[in-house]
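Subject: Structure handover

Hello,

Here is the structure you will be working with. Please open it first, then read my notes below.

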Amino acid sequence: MTETLGNVADGFAFVFSGGPLLAAFIGVFVGSLVGALPGIGPIPAMAVLLPLSFAMDVTSAVLMLAGIYFGAMFGNSTASILMRVPGDAAGVVTSIDGHEMTKNGRAGAALAIAAIASFAAGTFAVVALMLAAPPISAFAIRFSAPEFFALTLFAILVLSRLSGASFAKTMVSVALGLALATIGLDQLTGNIRFTFGQFVFAQGLHLTAVAVGLFGIAEVLLLAERRGRVPDLPSVKLRDLPPTKQEFRRAVPAILRGGPLGFCFGLIPGPAAVMATYAIYSLEKMISKHKDQFGKGAVEGVAGPEAANNGASGGAMVPVLLLGIPFTAPAAMLLAGFIIHGITPGPFLIRDEPELFWGLIAGLYIANFMLLILNGPLVTIFTTMLRIPRDILLAAVIALAIVGAYVPRNSVFDVAVLIVMGLLGYIMAKLELPRTALILAFVIGGLMESSLVQTLTLANGNPAYIFDRPIALTILIVTVLVLLAPGVLNLFRRGESRFFRTQEELGPEGGD
Amino acid sequence: MTSNQENPSPYRSSSSSQGPENDESAREDRLSEATDGRRWFRSPTLLALTVILGLGTLYLILALRLPFGSLHKPQFGFFPTLVGSVLIVSSAVAILQQLLSGNIDSDAEETDSEAEESSEEPANSRWKVTVILVAMFVYVLMADIMGHILTVALVTAVAIKVAGGRPWWQTLIYGLVIALITYLVFAWALNMPLPDGPAESLL
């Protein structure tokens, strides 16, 4: 414990050296912005800003990317509350009661509660990450090939069950991602595969080009098809922000439940933040004394989900930092931030890169404070930033995407890959093939193959080998259970889609 | 959807469309049945999934040429063979599900109305997507000759024109500004190599 505190102190010293602080600010600022902008979520933003991280040290790079993720979870409440236009899926639930509060003249209070809930849960998540990291690492150090293979399988299959799309469609995405990952040099044997005799393919497809194309460019194409401007946000005055004592008293327990619940959801593969918001909303409604107010501006309906999605973004950092396996798409982008700097996170991260790890923890604390200020007192200045004309925004994203694809290997071939991936991402969005599953599979494909091949080689044809590895066996059994228990999860998913429908069909008076 | 409503379906005996004046669902059923024969072309989803199935087959053929090894001693063709098989099976299942789901034929219409709903824009704006992609491809072909600034200015100007409909002089100025900013930030301030050309040598 004291050791942890000492380490974090070192981390703070490192962050205040300058660079990481600036990176964190860029991250949270952009994150808040895209979180609030309808149609653009954290994943495209993380993808498009990846190139900026080439110029940074790895701590700053990861801090910037994490800042975008946290920032988006803060920012998506703004447009949800003011206009009932969620910035991304994790803001949908907030928009139900948040916008009702706006109509009741409590917009300022709703924004303030959302910011406080996000801050409290974000801080809780960082504390939990900080305290849980050393023991989890110590445990995971024993992992070898069978455990890692079981984990990758777990990540992919559980994600497929929870992603909301059909299982077959998600598996199409997963297989596409794995297939793209096998192009080029094989990590284990050094052989070259699927290059069609072309030298440019030998090094494989670059993660940046794939990610930025799949999310950044595809998002641009989807946006370009639509007309209409980003609607103007109603302005909120600073003196309207403080919530009443009663609102505050009702919000606090929801926040205290939402943060930890969200954190736990972050540990599950899938759209963690989105699922967490639905779960806490149901829970709050179930136990509330003011059930009738849900859907009509219940403050718990803002505080709970906003706490939950921030908690989830913290929880999602655990598997990627400590096991090296992302369970969610934003976590896959974080992993990308590590990989392009030549670092693979995992059980040895804390031991081998203490400055990086503790700097990251310290940076996340600071990022949360920055976000509280950006989305609290400064929210009025901030909402005006949202009035960037959409065509200019599109063009800027295209320019950044091109730079991002070109820079890592100075190759226009990677820009061509970017374009193809943009088209693929666009088509996938139209077909409702989950792009998040593709990028996740692409990122962990290498580890999955090498751990599978090693496991089989070690087992040498003896299935009893896996039974001697209780951890791997447990993970595999859990994976099978999740696969065989679609009934329960379907029930959950149906509840989720009911929320969506309620929101769309019943209009302002609805909200279940 | 263009179709002959008088034409009874030769393919399907749908239970719901037995009564001729069986309200709207029956009408829709007949509508969809008329387009049955052209399913694959009517439904972009089926078409795209079939392309994916084809790509999966190609991938598996290539994977099978690599040394597979055995379960005891897998070689570097082992994993790709698994992946190719999963790709083929899952896309085939997705196609089947699409065919069995019943509303395949209204698929194209569905995406259209969806696009309309969310954006007050008919789906025939697909040309915009094509134009932007083609413009981006100019970068691949020309960046090494024309340099970063001119090509990016061109690409972004086209994108702004397509997405926003401003006058050309405005789009060109915006394009040039974006190109200059990205060049100054990434090449000058952050020292990253971007393709050089006539505009860069002026700076």
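**What was found**

Searching the whole structure turns up one cavity of 30 Å³ or more. A cavity is a set of points on a 1 Å grid over the protein atoms alone where a 1.4 Å probe fits but cannot get out. Grid points are joined across faces, edges and corners, and a volume is the space filled by probe spheres set on the points.

This is a predicted model, where local features need pLDDT of at least 70, side-chain atom pairs count only at pLDDT 80 or more, and totals for chains, interfaces and linings use all residues. Residues are numbered from 1 along each chain as its sequence is written, chains are lettered from A and ligands numbered from 1 in the order in which they are written, and side-chain values use heavy atoms, leaving out hydrogens and water.

**The cavity**

The largest cavity has a volume of about 30 Å³. Its lining is A:Phe74, A:Ser77, A:Thr78, A:Leu111, A:Ala115 and A:Asn375; lining residues have an atom within 4 Å of a point. Helix α4(A) gives the most, with three residues. Helices here are DSSP runs (H or I, at least four residues), numbered from the N terminus. By class, the cavity lining has three nonpolar, three polar and no charged residues. Ala, Val, Leu, Ile, Met, Phe, Trp, Tyr, Cys and Pro count as nonpolar, Asp, Glu, Lys and Arg as charged, and the others, Gly among them, as polar.

**The second largest pocket**

A pocket is an open set with protein on both sides within 12 Å along at least five of seven lines. The largest share, eight residues, comes from α20(A). The pocket lining divides into 26 nonpolar, eleven polar and six charged residues.

Helix α19 (residues 412-431) of chain A packs on helix α6 (residues 126-164) of chain B at about 165°, with axes 8 Å apart. So α19(A) is roughly antiparallel to α6(B), a label for angles over 145 degrees. Axes are lines fitted to C-alpha atoms, for helices over the stretch in contact, and angles run from 0 to 180 degrees between N-to-C directions.

Best wishes

Conventions:
Helix = DSSP H or I, 4+ residues; strand = E, 2+ residues; numbered from the N terminus. Parallel < 35°, antiparallel > 145°, perpendicular 65-115°, else oblique.
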